[in-house]
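Please go through the following briefing with the sequence and the model side by side. The notes are grouped by topic.

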Amino acid sequence: LMVQCGNKQAAPNQSVSDDTTISSYGDKLPIAYINVDSLLSKYNYAKDLNEKMINKQENARASINEKARQLKKEQDDFQRKYQNNAFSPERAQQEYQRLEKKAADLQEYAQRLENENMLEQQKMLMQMNDSINFFIKEYNKEKKYEAIFNNASTLYINPQYDITNEVVGLLNK
């Protein structure tokens, strides 16, 4: 393509619209890129979703820690009473089994919360990606870039093709 532009001769199969598209961008190629890290750190919706996930994880962790403290207290109380011979052998066995079941239930509860958080996080990531992708498609209807890249998968891109701040500003509006 660059060779054809340099020759100033249109190839027989080259359409007029190709010349128009290239010349409308001047010396730039009709491409752009977005710095995803910057986008995610500046995009208000992404920050809100991240904050929501952090709060949910902290609440789950606090709930699990509280239940674990209660269980530990009951286990310590059982141990103290057992050492003081406060239980009959049958009663001690029943209490031990009850505490073991409670520990297993706590572990199951923690795993369930972790799974719920993971599913919620995946759902939020999909929502955020959908909002960004939808916006980029709408944004490009006017800008008419041939490609908009994610900089995370490239080694080097000339900074003149960076549209991150413009996209973030429009997304936040």
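How do the residues of the lining of the largest pocket divide into nonpolar, polar and charged? They come to nine nonpolar, three polar and no charged, where Ala, Val, Leu, Ile, Met, Phe, Trp, Tyr, Cys and Pro count as nonpolar, Asp, Glu, Lys and Arg as charged, and the others, Gly among them, as polar. The model is predicted, and local features need pLDDT of at least 70, side-chain atom pairs count only at pLDDT 80 or more, and totals for chains, interfaces and linings use all residues. Residues are numbered from 1 along each chain as its sequence is written, and side-chain values use heavy atoms, with hydrogens and water left out.

**Overall layout**

- The protein has six helices and two strands, taken as DSSP runs numbered from the N terminus (helices are H or I with at least four residues, strands E with at least two), and the elements follow the order α-α-β-α-α-α-β-α from the N terminus on.
- Of the 173 residues in the protein, 22% are buried (buried means under 20% relative accessible area, exposed over 50%, and partly exposed in between, with a 1.4 Å probe and protein chains only).
- Among contacts with a separation of 6 or more, 81% are between residues 24 or more positions apart, a contact being heavy atoms within 4.5 Å.

**Helix H5**

- Helix H5 covers residues 89-143, and its 55 residues should span 81 Å at 1.5 Å a residue, which agrees with the 80 Å between its end C-alpha atoms; the expected span is 1.5 Å times one less than the number of residues.
- Asn-117 is found in helix H5 and counts as buried because its relative accessible area is 9%.
- Leaving aside neighbours within four places in sequence, Asn-117 is in contact with Met-53, Lys-56, Gln-57 and Ala-60.

**The largest pocket**

- The largest pocket has a volume of about 230 Å³; a pocket is an open set of points on a 1 Å grid over the protein atoms alone, where a 1.4 Å probe fits, with protein on both sides within 12 Å along at least five of seven lines.
- Its lining, made of residues with an atom within 4 Å of a point, includes Ile-34, Met-128, Asn-133 and Phe-149.
- Helix H3 (36-42), H5 and strand S2 (147-150) each supply at least two lining residues, and H5 gives the most, with five.

**Nonpolar cores**

- The largest nonpolar core has 18 residues, and those with the most contacts inside it are Leu-39, Ile-132, Ile-163, Val-167 and Leu-171; such a core is a set of buried Ala, Val, Leu, Ile, Met, Phe, Trp, Tyr and Cys residues joined through side-chain atoms within 4.5 Å.
- Strand S1 (31-34), helix H4 (44-83), H5 and helix H6 (164-172) each give two or more residues to this core, and the largest share, six residues, comes from H5.
- A second, separate core of nine residues includes Leu-71, Phe-78, Phe-87 and Leu-113.

**Positive phi in the loops**

- Most residues other than glycine have a negative phi.
- Asn-85, in the loop between H4 and H5, has a positive phi near 55° and counts as exposed because its relative accessibility is 66%.

Terms used
Points joined across faces, edges and corners; volume = space filled by probe spheres on them.
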